[in-house]
Amino acid sequence: MGKSDFLSPKAISNRIKAKGLQKLRWYCQMCQKQCRDENGFKCHCMSESHQRQLLLASENPNRFLDYFSDEFKRDFLELLSRRFGTKRVHNNIVYNEYISHREHVHMNSTKWETLTEFTKWLGRQGLCKVDETPKGWYIEYIDRDPETIRRQDEQAKKKKQDLDDQERSAKFIRDQVRRGRDGKETEVSTERIDVTPVWFLKVTRVCYLGCTVCSIYMETRKQQQQQPVRTDHWLQPNIVVKVVTKRLGDKYHKKKAVVMEVRDKYEAVVKMIDSGDKLKLDQTHVETVVPTPGKRVLILNGPHRETEALLEGINEKSFNATLTLESGQQKGKSVDVAYEDFSKLA
């Protein structure tokens, strides 16, 4: 077996040495070539190809410096977001995992001299949340994806709407209690009423005088228990929705579709109205469709959930619409419903 044979011990040893990381001082970033020892690096520096790269870099050094800096920043942030998400992590942990890839861009070819300087720059640019501790610098990736921001805004809006409903209910109870006390000459023997949360009122001693306060409280609580609570899922079959995600391309973005089937409450199989294509989309990838007045809609959330109604008018200032219920015990009643709580029927 010859020395130059592919399966010779020396050839196998050379291939093993070529794998993985080598010493940084024997790496040429301009040529993106890793040498195994000092002699190899010296020979590379004297080569014609290396000299040509140096001539190119000398003509416009800032262009190459900015290019390597952008590559380093992009790959570092991509690893941070993919591997750790928005968790708080030590910057050295991310850096050690980043340099474990053989083809990474070395920091000595960028405009940052140290990892600490690069970490501070990420904080100043608003790309990450950074803080210094006795154990070193910690970073936290800031997710600025439009879908993530929109989902957070929706959750904050729903939370605010729920709090507003609770505040209105609490005010209603307080007003009824005040009217009941003002209208009765006989003192009502009750303990303190806790109105937060609203429907967990505690009346430990109820009077036997048939007062207005107690009767209103019992009747209001009974009505509240009969009303369905709001949910975080609203998809229903046979409604028209609009595709808002950009991940599927311009062919489907801002196009309307009909929900054919709902799976696991948050996933829907839709059929595009224009092309007839069938897609499986998440609830966050679509939004409700508000038709013109006179069209039939389906209420998707709130006390009249799953009730069909007729769209009477649109209130642009308050972002809601006036609907006339067409089914249920309150058929014929007019209610105001927010845009996101109803959608056009197919």
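Okay, so before anything else, one bit of bookkeeping: two strands count as paired here if DSSP finds at least two bridges between them. Keep that in mind, and remember that what you're looking at is a predicted model.

With that, let's go to β11 and β12. Strand β11, residues 296–299, and strand β12, residues 308–315, are joined by 3 bridges and run antiparallel, so they pass the two-bridge cut-off.

For the whole protein, the tally is 8 helices and 15 strands. Of the 346 residues, 34% are buried. The accessible surface comes to about 22900 Å², and carbon and sulfur atoms own 50% of that. On contacts: if you take those between residues at least 6 apart in sequence, 46% join residues at least 24 apart.

In soluble globular proteins, nonpolar side chains tend to be buried together. Here the largest nonpolar core has 21 residues, and the ones with the most contacts inside it are F72, F76, L80, V94, F118 and L122. Which elements give two or more residues to this core? Those are α4 (61–84), α5 (91–98) and α6 (115–124). Helix α4 gives the most, with 8 residues.

Have a look at L122 in particular. Leaving out residues up to four places away in sequence, L122 touches F76, L77, L127 and C128. There's also a second, separate core, this one of 17 residues, including M272, L281, V286 and L345.

Last stop, K251. You'll find K251 in the loop between β6, 240–243, and β7, 256–263. Buried or exposed, then, for K251? Exposed, because its relative accessible area is 53% and the cut-off for exposed is over 50%. Still, the K251 side chain has a partner: a polar contact of 3.3 Å joins it to the side chain of D277.

Technical notes:
Residues are numbered from 1 along each chain as its sequence is written. This is a predicted model: local features need pLDDT of at least 70, side-chain atom pairs count only at pLDDT 80 or more; totals for chains, interfaces and linings use all residues. Side-chain values use heavy atoms; hydrogens and water are left out. Helices (H or I, at least four residues) and strands (E, at least two) are DSSP runs, numbered from the N terminus. A nonpolar core is a set of buried Ala, Val, Leu, Ile, Met, Phe, Trp, Tyr and Cys residues joined through side-chain atoms within 4.5 Å. Buried means under 20% relative accessible area, exposed over 50%, partly exposed in between (1.4 Å probe, protein chains only). Contact means heavy atoms within 4.5 Å. A polar contact is a pair of N or O atoms within 3.5 Å; within protein, one must be able to donate a hydrogen and the other to accept it, and residues adjacent in sequence count only if both atoms are side-chain atoms. Accessible areas come from the Shrake-Rupley method with a 1.4 Å probe; for residues, only the protein chains shown count as cover.
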